[in-house]
Amino acid sequence: MAFHQLLIRDEQSVRFITINREEKLNALNQTILAELHGALTEALADNRVRGIVLTGAGKKAFVAGADIAEFAAFDAAQGLRLARDGHRNVFDLIHHAGKPILAAINGYALGGGLELALACHLRIAVPNARLGLPEVTLGLIPGYGGTQRLTQLVGRGRALELILTADMITAEKALEYGLVNVVVDQSVLLEKALEILQTIASRSPNAVAAAIRAVNAGLDPSKNGFEVEIEEFSKCFGTADFAEGVSAFLAKRKPNF
């Protein structure tokens, strides 16, 4: 697939996907969402890729929201399709991915941009990042999973405060809330992202995917997370990764997954 608004590069076993619309603060439009679906699908199918970093071009914004002009005249039916397609093709694809996807938040992460980061498994941010869900100022609510994933991460009270006030918070406040995993200087943001994902890449890919499925099950009201954990744990036995991990442990060497 050819990409016009994304930059793709690989470093070691990590694929970096950069939203390249700096002049518009990397605002999401339908072209970007379609390209993200294609780029993520390709990365998840590529056995050489063990982790994915999502970031934005430049130093001002990760993604400063959605391109409002695209849906300014939408009616309810069009809004329904917009949200459902976005969930299915991008945000849920990220959430359920069997490989770790990390959001490297290099500036503003607002609206759909914050929702994109929320769908990722991990989030790191620079000190000058600002995060928020301003949709109520437009007569809307978050439509790409923000009401659910923010609540799961920071709790009902803080989620409602952020959503209902539409206020932005600092990277340090986001760290305090548990919204981001770590705050690092802009100069080492991508280096830190690579370091985290390379650490995960040194672990069993089968176990990493199983752990993601088990954690996600606990967030799904239609599933029993404890039962899914038991099932995923049991399925690890008899795998090549289990054999290698145990063999390496007993031989006091590093495993080669």
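This passage describes the overall build of one protein and then a selection of its residues.

The structure is a predicted model, in which local features need pLDDT of at least 70, side-chain atom pairs count only at pLDDT 80 or more, and totals for chains, interfaces and linings use all residues. Residues are numbered from 1 along each chain as its sequence is written, and side-chain values use heavy atoms, with hydrogens and water left out.

The protein has ten helices and ten strands. These elements are DSSP runs, numbered from the N terminus: helices are H or I with at least four residues, and strands are E with at least two. The radius of gyration is 19 Å, close to the 18 Å that the globule rule gives for 257 residues, so the protein is as compact as a globular protein of that length. The radius is taken over C-alpha atoms, and the rule is 2.2 Å times the number of residues to the power 0.38. Along the principal axes, the C-alpha atoms fill a box of roughly 60 × 40 × 35 Å.

Of the 257 residues, 44% are buried. Buried means under 20% relative accessible area, exposed means over 50%, and partly exposed lies in between (1.4 Å probe, protein chains only). The accessible surface comes to about 13,100 Å². Carbon and sulfur atoms hold 56% of that surface. Areas come from the Shrake-Rupley method with a 1.4 Å probe; for residues, only the protein chains shown count as cover. Among contacts with a separation of 6 or more, 69% join residues 24 or more positions apart. A contact means heavy atoms within 4.5 Å.

Charged side chains come next. The protein has 26 positive and 28 negative side chains. Lys and Arg count as positive, Asp and Glu as negative, while His and the chain ends are not counted. The centres of the two sets lie 3 Å apart. Each charge is placed at NZ of Lys, CZ of Arg, CG of Asp or CD of Glu.

Side chains of opposite charge can pair when their charged atoms come close. A search of the whole structure finds 13 salt bridges. The criterion is a side-chain nitrogen of Lys or Arg within 4 Å of a carboxyl oxygen of Asp or Glu. One of these bridges links Glu 11 and Arg 9, at 2.9 Å from N to O. Glu 11 is partly exposed, at 31% relative accessibility. Arg 9 is also partly exposed, at 38%. Another bridge joins Arg 48 to Asp 46, at 2.8 Å from N to O. Here Arg 48 is exposed, with a relative accessible area of 65%, whereas Asp 46 is buried, at 13%. In a further bridge, the closest N and O atoms of Glu 176 and Lys 173 are 3.4 Å apart. Both residues lie in helix α6 (residues 171–177), three residues apart, about one turn of the helix. Lys 173 is partly exposed, at 31% relative accessibility. Shared partners join Asp 10, Arg 15, Asp 46 and Arg 48 into one salt-bridge network.

Two residues other than glycine have a positive phi. For Gln 12, phi is near 55 degrees. Gln 12 sits in the loop between β1 (6–11) and β2 (14–19). Gln 12 is exposed, with a relative accessible area of 58%. For Asn 26, phi is near 60 degrees. Asn 26 belongs to the loop between β2 and α1 (30–45). There Asn 26 is buried, at 0% relative accessibility.

Three further residues illustrate contacts beyond the sequence neighbourhood. Gln 5 lies in the segment before β1. Gln 5 is buried, at 18% relative accessibility. Setting aside neighbours within four places in sequence, the contacts of Gln 5 include Thr 18, Ile 19, Asn 29 and Glu 35.

Arg 203 occupies the loop between α7 (189–201) and α8. Arg 203 is partly exposed, with a relative accessible area of 49%. Beyond four places in sequence, Arg 203 is in contact with Arg 50, Val 208 and Phe 257. Arg 203 and Arg 50 are 153 residues apart in sequence, yet their C-alpha atoms are 10.0 Å apart in space.

Asn 216 is found in helix α8 (residues 205–218). Asn 216 is buried, with a relative accessible area of 12%. Not counting residues up to four places away in sequence, Asn 216 touches His 95 and His 96.
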